[in-house]
Amino acid sequence: MSAAADVGIVVVGASLAGLRGAEALRRNGYAGRLTLIGDEPHRPYDRPPLSKHVLSGELAPDSTELPLLVTLDADWRLGHAAVGLDRVARNIRLADGAVLAYEKLLIATGAQARPWPAASGGALANIFTLRGRDDAARLRAALARGPRRVLIVGAGLIGCEAASCCRALGLPVTLVDPNPTPLARSLGTWIGGVIAECLKDSGVAFHPGAQVLRFEGDASGRVVRADLADGRTIEADLVIVALGATRATDWLRDAGLMADAGGVTCDGACRAVASDGTATGDIYAAGDVARWPIALYGGRLFSVEHWGNAVAQGAHAARNMLAPADDQHSYDHLPAFWSSQFGINIKAVGLSEGADSVAIVQGSRASRRFLAVYGRAGRSIAAVSFDQARWLPAYAEAIMAGSPYPPIREASDQGLFVTTAPGFPPPRPAHRSDEARHG
Amino acid sequence: MADDTLFSEVLDPANRADPYPIYARLRENPVSPQRDGSIVVSTHAAIRSLIFDPRLSSEDLPPSHRPRTGNLLKDWLLNPIKDRIATAHRPLIFRDPPDHDILRSVVMREFTVARVQALKQRVVRDVDTLIDACRGRDEVCLVEDLSYPLPVAVICDMLGVPEADEPQFQIWATQLATALEPDARHDQASRHRTVAAFDAISGYMRALIREKRRHPASDMLSALAAPGPRGQAVMGDFDLISTAILLLVAGHETTVNLITNGMLTLLRHPLELDRLRADPERAPRVIEELLRYEPPVHFRTRKALGAIEIAGHTIRKGAPVILLFAAANRDPVRFVDPDRFDPDREDIQHFGFGGGLHYCMGAPLARIEAEIALVALCRRLVAPRLMVDPPPYRPGASLRGPERLGIGINGIAAHPT
């Protein structure tokens, strides 16, 4: 590939998936030119600590840099967002006007926090989102100033982790979510109820079934309260908006790819799919931004914001980028995520969406130490552990094998099976139903 | 037809010096049913899968049963109660979740990096003293001169057991360790000796714990016995006693094999001995490879709570299962050239400390002791050579190691700077 030597491979997105992808290119013997483009000025950093140790002040925001696992010998273009892709000319346009040609392209632009609309108070001071390192640094500084009350909008993983941190810091916290319990969308209301109890125990004022309409500010433009749809108001001088993320695909608007706020559609081999439905041969995607068909779940398209997926998919896409078209390996990855909040280590495998049943298979809900399995039409599709992660590999194996539900009977620490409805809220409208939101 | 008597060959003391060829034959069937109904699992992949399988229970010891004494009160009331207590409060290596997890987390909270690091200087000092004591001799008897006394002194220090009392529970510890040996488990007389040893050591521990509560010190037993934040003890007294016994016995019966097997292996690979002497920084690599190549614990037993499909076999419900860690450590599917001792190998995910939720709690301590001991032995023994190869072995097939290891020397070098 003499052309590759001149133009080379370009990785757009210098976070976990992009970095691990670039490393895998080198590890697999790619010796040509390699360029990494990142919209942030920072070297690749790790996100999971941002909503945990960074908020609590145990870790400085700039101590989250990811280690380089191999010598990259790459051309770094940090602080330069990609703003356009021309597939015919095979080049990328950067925000500063520069144009970069590519031989092959890896899209790893990730996702961006869903902001609060400016029209209903989103522009007020002291309203934060939490996605990047700078977000975390700003939020940490604001928390350290000792706000009178923190309002967190959205009780997903990020919202709950933030609530846990704020309480550990001794700050009064109110948490609102339209669903009946926290984590309703990822774990269902039955398991989410366990976290609701934790919120209560730790003194978080949790308002389920509540919707914020707008924020109001004082004369100096700082947020002072939120108005709820039911007429209530909540006084708060610091707001964390934790409403999930949209995929960073704006720059691909005119690229002729199947891409929208739900992600870049890929085939099973991580190749981006063009608008006409055919897989491109030179453009791959990995990490939060990628939406790919998972055979285990009937070939449905999913995009997942999971750390483990960014690592595995980045490496997998890199492998395929260097392989000939007739040797593309399909990406068989069982999604998995973890969270830590209220002193509980939560780990999950598989995708619980569409589950019709959930059962505690080990431990007990009352002890908050348990392993639960989600079933759909008699098959095990996902599992979650609360302080019981050790057994998770056995359940992951069973889920991968398409085992019946529940997959394992006669285990240790197994009481009577309590099987119940998981209690998922109805899917959100449009493409957003295909997202799994996790930190 | 697979040979269904291979595991009895493993147990046969005649094969203690070199069980590895039998392990190789066992690995031909990753899951090998034996004539007695037990299942031997010997490949790396199968064991890795099983240690994370919740259907595999560690509660496989037969219930405690005291022999008849002729005293009606004892035989019909007191001893049955004692048996029930002993059975319900087994040491945590014989317990399943949730009890296991609760007990283990309490111990692990005390098994801190700081506690282990604090012992390091003591280990260095002890090793030097023990080696110094061999001056003027032309042979070191490694087990009695160093491999045994070192870990014993260290575990006594950490737990807060007066070392002067140690000789009285040496025999108890050895007897209790037979709980890991299938032969001894099925031997009625041996089981009765185990009960007697447990009662004796329990009495000792109960008194010691009372003393620790009266006069708490910085040791681990004081910490475990101290009241928790809500005033009551973190562990019940029966669990506290069995946990303390476990830690004490484990300190007596495992690291001794790691150090002795380690020195034996190095003497059989003189080039590696020379390299370690020249470069003590190699010690961690050497220890990890030793844990793979000649681990101190060769297997552990479990019980299948339900039927388990694995490697094309079904382990039936109720079957005794033997996880043959030492065979998995030599699995050619997992390790390149597995029978070669090679501290430089990159891929070294061994089961030397077991795996899964029962992974050895004392691993960091064992590593420190073995590193310091082996480096000092390599540097200070002058022209060390094996006197008998293979050496005589201790009876255990699971806790496997030499009974004695005579090392001929041309003197003891001064303490290296």
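**Close-up views of a predicted two-chain model**

**View 1. The record's domain in chain A.** Welcome: UniProt, in an unreviewed entry, places the feature "domain: FAD/NAD(P)-binding" at residues 9–314 of chain A; such annotations may be inferred rather than shown by experiment, and feature names are shortened. This is a predicted model, in which local features need pLDDT of at least 70, side-chain atom pairs count only at pLDDT 80 or more, and totals for chains, interfaces and linings use all residues. Residues are numbered from 1 along each chain as its sequence is written, while chains are lettered from A in the order in which they are written. The span 9–314 of chain A is 22% helix and 31% strand, and its end C-alpha atoms lie 14 Å apart. Helices (H or I, at least four residues) and strands (E, at least two) are DSSP runs, numbered from the N terminus.

**View 2. Domains 2 and 3 of chain A.** Chain A is divided into domain 1 (2–112 + 246–327), domain 2 (115–243) and domain 3 (343–425), with bounds from an automatic or database assignment. Taken over C-alpha atoms, the centres of domains 2 and 3 of chain A are 29 Å apart. Eleven residues of domain 2 and 15 residues of domain 3 of chain A take part in their contact (C-beta atoms, placed from the backbone, within 7 Å).

**View 3. Where chain B touches chain A.** Each partner is named here: 14 residues come from chain B and 14 residues from chain A.

**View 4. Helix α4 of chain B.** Helix α4(B), residues 72–88, has 17 residues and reaches 23 Å from first C-alpha to last. A kink of about 40° lies at L78(B), shortly before the proline P80(B) (the angle between axes fitted to the seven residues ending there and the seven starting there).

Key:
Two residues are in contact if their C-beta atoms, placed from the backbone, lie within 7 Å. The expected span of a helix is 1.5 Å times one less than its number of residues.
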